[in-house]
Amino acid sequence: MGLWRGIVLLLAFMIIGRGEGQLVENFYSLSCPNVESIVQQAVSTKFNETVVTIPATLRLFFHDCFVQGCDASIMIASPNNDAEKDAPDNISLAGDGFDTVVKAKQAVEQACPGKVSCADILAIAARDVVVLAGGPSFNVELGRRDGLISQASLVTGNLPEPTFNLTQLNTIFAKNNLSQNDMIALSGAHTIGFSHCSRFSDRLYSFSSSSSVDPSLNSTYAQQLEAACPQNVDPNIVFDLDPVTPQTFDNVYYQNLVAGMGLLTSDQVLYTDPTSQPTIVDFANNPGDFNGAFIAAMRKLGRVGVKTGNDGEIRIDCTAFNS
């Protein structure tokens with residue numbers, strides 16, 4: 001009797017847990033067992049077309065999860081240009097990230113029509129691009145459903161800004177149940193990708209009344225930035241976030257911060273603030289510590305605000321609601 005009661009209680013807990021948005025690694029083991037290899041193939045094909053696939057897809061995942069949770073609401077295309085992707089903070093998201101998810105979804109639909117959410121495909125693709133860039137692999141929890149709301153007005157105030165200090169960064173990550181350690185590890189995604197000159201030009205030309213150049217910038221690095229991003233530069237010009245190994249997912253980002261080569265204010269502050277500096281030094285010296293922290297943080301990020309069970313829907317086309 002005791003054994004049966006235990007099994008019934010266990011099943012009850014499992015059902016309750018599911019209702020609270022619990023994700024599981026083998027969610028599609030029956031409905032679409034090859035989903036991860038199908039997505040991986042699509043991501044790899046897209047990467048062979050353009051290396052921008054890697055930072056674009058990873059950034060897309062962050063921007064999706066920080067606004068209404070990981071529900072692929074970032075993917076919606078609105079005829080009125082008022083969806084999440086149309087918000088000022090999202091305009092700079094590279095089209096290759098969106099295209100990666102769309103192509104992967106089309107491939108998955110051929111094999112398992114109507115079974116796999118765009119939110120889960122984006123989560124898998126984000127892991128796959130990290131691996132393609134030489135970063136650590138990890139198991140992705142699945143079972144998300146796609147959101148039914150995508151509004152540009154919901155983005156404001158929910159994404160970290162390049163000018164943020166440590167307190168502001170911690171506050172916005174804490175809203176998503178992410179710790180300072182998680183924030184620092186996820187900032188390591190800046191080991192790949194690039195930023196537009198306008199996001200950091202204030203550090204070169206108008207930092208303060210006493211110094212036009214941010215004194216926390218390495219002087220040689222500042223000269224490189226000024227050469228690449230002169231005042232009134234073409235707004236489309238970009239600069240690598242990690243100038244040393246810009247296409248490799250590694251811990252060099254943290255080594256750059258120690259050397260005064262953080263591109264954004266929100267990067268360099270992680271080293272200049274004594275509260276976060278020890279973690280930066282640790283990640284700079286120990287790639288294993290960074291990789292472990294990054295994996296843990298990515299799994300936590302993937303649980304933010306997820307829709308499961310009967311919430312949301314499984315979109316047929318990632319860029320449009322079903323109805």
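In this predicted model, Asp71 is buried, at 1% relative accessibility. Asp71 forms a salt bridge with Lys307, and the closest N and O atoms lie 2.9 Å apart. This pair links distant parts of the chain, 236 residues apart. Asp71 sits in the loop between helix 3 and helix 4 (95-111), whereas Lys307 belongs to the segment after helix 13. Lys307 has a relative accessible area of 19%. That value is under 20%, so Lys307 also counts as buried.

The count of salt bridges comes to 14. Another of them joins Glu25 to Arg299, with 3.2 Å between the closest N and O atoms. Here too the pair links distant parts of the chain, 274 residues apart. Glu25 lies in the loop between helix 1 (2-19) and helix 2 (35-49), and Arg299 in helix 13. Glu25 is partly exposed, at 36% relative accessibility. Arg299 is partly exposed as well, with a relative accessible area of 22%.

A local pair occurs in helix 4. The side chains of Lys105 and Glu109 meet in a salt bridge, at 2.8 Å from N to O. Four residues, about one turn of the helix, separate Lys105 and Glu109. Lys105 is buried, with a relative accessible area of 2%. Glu109 is buried at 15%.

Asp128 is located in helix 5 (residues 118-132). Its relative accessibility is 5%, and Asp128 therefore counts as buried. Beyond its neighbours within four places in sequence, Asp128 is in contact with Glu36, Val39, Gln40 and Val43.

The structure holds one cavity of 30 Å³ or more. The largest cavity contains about 70 Å³ of space. Helix 5 and helix 13 (287-301) each supply at least two residues of its lining. Arg299, the salt-bridge partner of Glu25, is among the lining residues of this cavity. Others include Phe61, Ala123, Arg127, Phe138 and Met298. By class, the lining of the largest cavity comprises five nonpolar, two polar and four charged residues.

The largest pocket has a volume of about 820 Å³. Its lining consists of 36 residues. Arg59, His63, His190, Leu241 and Leu264 lie nearest the centre of this pocket. Helix 3 (53-65) gives the most to the lining, with six residues. Helix 6, helix 7, strand 1 (194-196) and helix 11 are, like helix 3, sources of at least two residues each. The lining of the largest pocket divides into 22 nonpolar, nine polar and five charged residues.

The second largest pocket has a volume of about 170 Å³. Its lining includes Phe47, Val51, Val52, Ile54 and Pro55. Ala133, Ile192, Gly193 and Phe194 are also among the lining residues, as are Asp240, Pro246 and Gln247. Nine of the residues lining the second largest pocket are nonpolar, two are polar and one is charged.

Helix 11 (residues 265-272), a contributor to the lining of the largest pocket, has the buried residues Ser266, Asp267, Gln268, Val269 and Leu270. These buried residues pack against several helices. The partners are helix 6 (166-174), helix 7 (180-187), helix 8 (202-205), helix 10 (252-258) and helix 12 (277-285). Among these partners, helix 6 and helix 7 also supply residues to the lining of the largest pocket.

Definitions and conventions: Residues are numbered from 1 along each chain as its sequence is written. This is a predicted model: local features need pLDDT of at least 70, side-chain atom pairs count only at pLDDT 80 or more; totals for chains, interfaces and linings use all residues. Side-chain values use heavy atoms; hydrogens and water are left out. Buried means under 20% relative accessible area, exposed over 50%, partly exposed in between (1.4 Å probe, protein chains only). Contact means heavy atoms within 4.5 Å. On a 1 Å grid over the protein atoms alone, a cavity is a set of points where a 1.4 Å probe fits but cannot get out, and a pocket is an open set with protein on both sides within 12 Å along at least five of seven lines; lining residues have an atom within 4 Å of a point. Grid points are joined across faces, edges and corners, and a volume is the space filled by probe spheres set on the points. Ala, Val, Leu, Ile, Met, Phe, Trp, Tyr, Cys and Pro count as nonpolar, Asp, Glu, Lys and Arg as charged, and the others, Gly among them, as polar. A salt bridge is a side-chain nitrogen of Lys or Arg within 4 Å of a carboxyl oxygen of Asp or Glu.
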